[in-house]
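Me: I have a model open and want to learn how to read it, feature by feature. Can you take me through it?

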Amino acid sequence: MTHEIAPLPYKYSALEPHIDTETMKVHHDKHYQTYCDKLNAAVSRYPELAEMPAEELLVNIDSLPEDIQDRVKNNGGGFVNHTMFWEIMGPKCGGKPTGAFAEHIDRDFGSFDSFKEQVIDTGKKFFGSGWVWLVWNEDKLEIAALENQDSPLLVGHYPIMCIDLWEHAYYLKYKNERAKYLEAWWNVANWQEIERRFVEALKFAAR
Ligand code: MN3
């Protein structure tokens, strides 16, 4: 199996004005493609890994051949993280989550507003390149910032929501103002997809 990038599920311009067209083009067509190409190059010498989905490579990182563990962590992570990122955003989105997921947000963070504030604050304080995550850890929701392209799957936590903190995700429009990007991001949050991932998280934890 050769990993392939997923087409963007909406137009490059669909997330305007919150995320600009040029950023979406470069981010999806160049950065995402490069992670995918480098993942394929890393696993190409190991046919026994050929049929393993990229998520499974990350979950099983410790049992992979040692010489490719770092490259799979970085590029497999980059590939999987971005595939998810495109899907959890969308046009005509924003608002608030509903249902069981919303109840768990209230249970674990007090309220949606408090959850949002904690995500933004974690993203603002994080130094360098990485992602801020909402994950399912055994029996609860947690916010975490991880460096580089590290996936929560590496430590067995299921990724439900994420915001890319690399400068390539916001620099063309927001320059040095990461906080403004973090505030604007909620206008493109696709809660329907994020809630679907919450259901997947419960299944993942039970497996
Ligand atoms: Mn990125």
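**Reading the model**

Reply: K92 is exposed, with a relative accessible area of 89%. Keep in mind that this is a predicted model.

Me: Where does K92 lie?

Reply: K92 sits in the loop between α3 and α4.

Me: Phi of E138 is another case to read. What is its value?

Reply: Phi of E138 is near 65°, again positive in a residue other than glycine. E138 belongs to the loop between β1 (130–137) and β2 (140–147).

Me: Is E138 buried or exposed?

Reply: The cut-off for exposed is over 50% relative accessible area. E138 has 68% relative accessibility, so it counts as exposed.

Me: Which peptide bond is cis?

Reply: The bond from E16 to P17 is cis, with omega near 0°. P17 is in the segment before α1 (21–43).

Me: Now the metal. Which residues are the protein donors of the manganese ion?

Reply: First, the general idea on geometry. Ideal angles at a metal are 109.5 degrees for four tetrahedral donors, and 90 or 180 degrees for six octahedral ones. Here the protein donors of the manganese ion are H27 (NE2), H82 (NE2), D164 (OD) and H168 (NE2). Water is not among the atoms, so a site may look incomplete.

Me: What spacing do the donors follow along the chain?

Reply: The spacing is H-x54-H-x81-D-x3-H.

Me: Are D164 and H168 buried or exposed?

Reply: Both D164 and H168 are buried.

Me: How should I read a pair of packed helices?

Reply: Two packed helices are described by the angle between their axes and the distance between the axes. Take α1 and α3. Their axes are 8 Å apart, at an angle of about 145°. The crossing of α1 and α3 is left-handed.

Me: Which residues of α1 and α3 meet?

Reply: From α1, the list includes M24, H27, H28 and Y32. From α3, it includes I68, R71, H82 and W86. By class, the contact of α1 with α3 has 13 nonpolar, eight polar and two charged residues.

Me: At what angle do the axes of α4 and α5 cross?

Reply: The axes of helix α4 (residues 99–109) and helix α5 (residues 112–125) cross at roughly 70° and come within 8 Å. That makes α4 roughly perpendicular to α5. The crossing of α4 and α5 is left-handed.

Me: Which residues of α4 and α5 meet?

Reply: α4 brings I105, D106 and F109. α5 brings F112, S114, F115 and Q118. The classes in this contact of α4 with α5 are four nonpolar, two polar and one charged.

Me: How do the axes of α4 and α8 cross?

Reply: The axes of α4 and helix α8 (residues 191–206) come within 9 Å, and the crossing angle is roughly 80°. α4 and α8 are therefore roughly perpendicular to each other. A100, F101 and H104 of α4 make the contact with W191, I194, E195 and F198 of α8. Those residues divide into five nonpolar, one polar and one charged.

Me: Which residues does K96 touch, not counting those up to four places away in sequence?

Reply: K96 touches F112, D113 and W191. K96 is in the loop between α3 and α4. K96 counts as exposed, at 53% relative accessibility. Sequence and space can be read together here: K96 and D113 are 17 residues apart in sequence, and 9.5 Å apart C-alpha to C-alpha.

Me: Is Q69 buried or exposed?

Reply: Buried means under 20% relative accessible area. Q69 is at 18%, so it counts as buried. Q69 is placed in helix α3 (residues 66–87). Leaving aside neighbours within four places in sequence, Q69 contacts I61, D62 and L64.

Terms used. Residues are numbered from 1 along each chain as its sequence is written. This is a predicted model: local features need pLDDT of at least 70, side-chain atom pairs count only at pLDDT 80 or more; totals for chains, interfaces and linings use all residues. Side-chain values use heavy atoms; hydrogens and water are left out. Helices (H or I, at least four residues) and strands (E, at least two) are DSSP runs, numbered from the N terminus. Buried means under 20% relative accessible area, exposed over 50%, partly exposed in between (1.4 Å probe, protein chains only). Contact means heavy atoms within 4.5 Å. Donors are N, O and S atoms within 2.8 Å of the metal (3.2 Å for Na, K and Ca); water is not among the atoms, so sites may look incomplete. Axes are lines fitted to C-alpha atoms, for helices over the stretch in contact, and angles run from 0 to 180 degrees between N-to-C directions. Angles under 35 degrees count as roughly parallel, over 145 as roughly antiparallel, 65 to 115 as roughly perpendicular and the rest as oblique. A crossing is left-handed if the near helix is turned anticlockwise from the far one by less than a right angle, and right-handed if clockwise. Ala, Val, Leu, Ile, Met, Phe, Trp, Tyr, Cys and Pro count as nonpolar, Asp, Glu, Lys and Arg as charged, and the others, Gly among them, as polar.
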